[in-house]
Amino acid sequence: MRAVDIIMNKRSGKELSREEIQFLIGGYVAGEIPDYQVSAWAMAVFFQGLSPAETAALTELMLKSGTVMDLSGVPGPLVDKHSTGGVGDKTSLILAPLAASLGIRDPMMSGRALGHTGGTLDKLDSIPGYRTNLQAEEFKRLLLKDGFAMTGQTKDIVPADRLLYALRDVTGTVESIPLITASILSKKVAEGAEALVLDVKYGSGAFMKNPADAEKLARSMVDTGTAMGKKIIALLTDMDEPLGNKVGNFLEMEESLDCLEGRGPADLMEVSLELGARMALLGGKAANAAEGRRLCEEALAGGRPRDLFLANIKSQGGDPEKFLALCGNYRSPCGAEIGAAEDGFISRIDAWKVGRAGVDLGVGRNRTEDPVSPTAGVQFHRKSGAAVKKGDSLMTVWAKDEAGLKAALPRLAEAVEYSKTAPAPRRLILKEIGLPAGGPEKTA
Ligand code: URA
């Protein structure tokens, strides 16, 4: 077999055999097939796609390129949530303790910020002392003790994805539905959860810019995950505007606590509760999503998820009292306000532009090795739908340094769009795909 033949077969739209995919992925991980051939293959996949059988084979072969987390001895239900990424998306930080309060264990393995999207690990790392590099034994111990634990992927989990994702990132091949499916699902299956709720985002701040592409991605992931024996539900959710009022590493930890204390912004609460409802359903705690949502609301009102959130900070090396004292105060000294540019209504705040400005501020990064700032970010005082007068404060901005602030301010001002009449309310949750037991699909 030769890599060039596999590339040409895919280039002309032929279906690859499992053996051909194994030859390519196995050879790449072993260092026998060079980056340039795998880049060419990824570009061929970008244009020609993969069949469901090829996608399933790629996912399984990527999974087998490394080790699988052994969670034996940790009683279930083990349910995780994964988002395809966005701006201000902090639902993992809310859902892990919320699910744990319902008796569900969430083995949460997360990633770092890249490009305009934020990363859960960078948010957690903004808490002084917090450790996100747990070894397998400690991860299991904390899962048993607190019901959830938060860590990064260890080096031996899906090494094929680490190599392939870095290559895709610099070759314009990230936004491919089968490659995203294989990348996300190989890691999620390796992490040991029995069931998975997927938050598939659409809009300017998401990989998938429109609902139709997001739906194709959701179906691809649900079909592949189901074929691999996982219980899986996907929600299509809006990422055209940042989620919540705070974007930034520590700022988002703070806003997660706000949600757990019942003071969270409405859009973030809504998406979190609907995702939490599906975690309760897949974890066998509720007969349907409505009951799952009610359980989540009752749990939040009782305060247990907040206690678990603070307990996790302590378990992973932080100091909950110091964290609480930093809330509202831990900000970069380099800040500014942005006011409304005109009278009228805010019709939209472009998530992509905010995320891009976040890279200038120090919230995100362009290259995996770049540092991020814990104390940079944006706090919105008004979002879409709000009536404004010219000059009203729209947001407070904090940057890692003056140069970052100078670069970000015009981008942030430009992210805000205005209308003379009130815009239609945003539809946060568009669709649910893949109920367990092959139930009918529902449109929200
Ligand atoms: N997140 C991943 O982990 N992989 C992708 O391909 C895209 C988003």
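1. Val158 is found in the loop between β3 (148-152) and α8 (159-169). Helices (H or I, at least four residues) and strands (E, at least two) are DSSP runs, numbered from the N terminus. The phi of Val158 is near 40 degrees, a positive value in a residue other than glycine. Most residues other than glycine have a negative phi, and most peptide bonds are trans. Val158 is buried, with a relative accessible area of 1%; buried means under 20% relative accessible area, exposed over 50%, and partly exposed in between (1.4 Å probe, protein chains only).

2. On the basis of the note: this is a predicted model, in which local features need pLDDT of at least 70 and side-chain atom pairs count only at pLDDT 80 or more, while totals for chains, interfaces and linings use all residues. Residues are numbered from 1 along each chain as its sequence is written, and side-chain values use heavy atoms, with hydrogens and water left out.

3. A cis peptide bond joins Gly76 and Pro77, with omega about 0 degrees. Pro77 is placed in the loop between α4 (52-63) and β1 (79-83).

4. Lys90 is found in the loop between β1 and α5. Is this residue buried or exposed? At 1% relative accessibility, Lys90 counts as buried. Leaving aside its neighbours within four places in sequence, Lys90 is in contact (heavy atoms within 4.5 Å) with residues including Lys123, Lys246, Glu252 and Glu255.

5. The structure holds four aromatic pairs. Rings of Phe, Tyr and Trp (its six-membered ring) pair if their centres lie within 6.5 Å; planes under 30 degrees apart count as stacked, over 60 as edge-to-face and the rest as tilted. The ring centres of Phe250 and Tyr330 are 4.9 Å apart and the planes stand at 85 degrees, so this pair is edge-to-face. Because Phe250 lies in helix α11 (residues 249-260) and Tyr330 in the loop between α15 (320-326) and β7 (334-339), the pair ties together parts that are 80 residues apart in sequence. Phe250 is buried at 0% relative accessibility, whereas Tyr330 is partly exposed, with a relative accessible area of 22%. Phe250, Phe309, Phe323 and Tyr330 form one aromatic cluster.

6. Helix α14 (residues 304-315) has 12 residues, which at 1.5 Å a residue should span 16 Å; its end C-alpha atoms are 16 Å apart, which agrees. The expected span is 1.5 Å times one less than the number of residues. Among the buried residues of α14 are Leu308, Phe309, Asn312 and Ile313. The buried residues of this helix pack against α5 (91-101), α7 (136-146), β3, α11, α13 (289-302) and α15. Gly317, whose phi is positive, near 105 degrees, follows α14.

7. Two charges sit over rings, that is, with NZ of Lys or CZ of Arg within 6 Å of the ring centre and within 35 degrees of the ring normal. Lys187 lies over the face of Tyr165, at 5.9 Å from the ring centre. Arg331 lies over the face of Trp398, at 5.0 Å from the ring centre.

8. Which residues are around the ligand? They are Tyr165, Arg168, Ile180, Ser183, Ile184, Lys187 and Phe207, each with a heavy atom within 4 Å of it. An oxygen atom of the ligand is 2.9 Å from a side-chain N or O atom of Arg168, and an oxygen atom of the ligand is 2.5 Å from one in Lys187. A nitrogen atom of the ligand is 2.6 Å from an N or O atom in the side chain of Ser183.

Definitions and conventions. A polar contact is a pair of N or O atoms within 3.5 Å; within protein, one must be able to donate a hydrogen and the other to accept it, and residues adjacent in sequence count only if both atoms are side-chain atoms.
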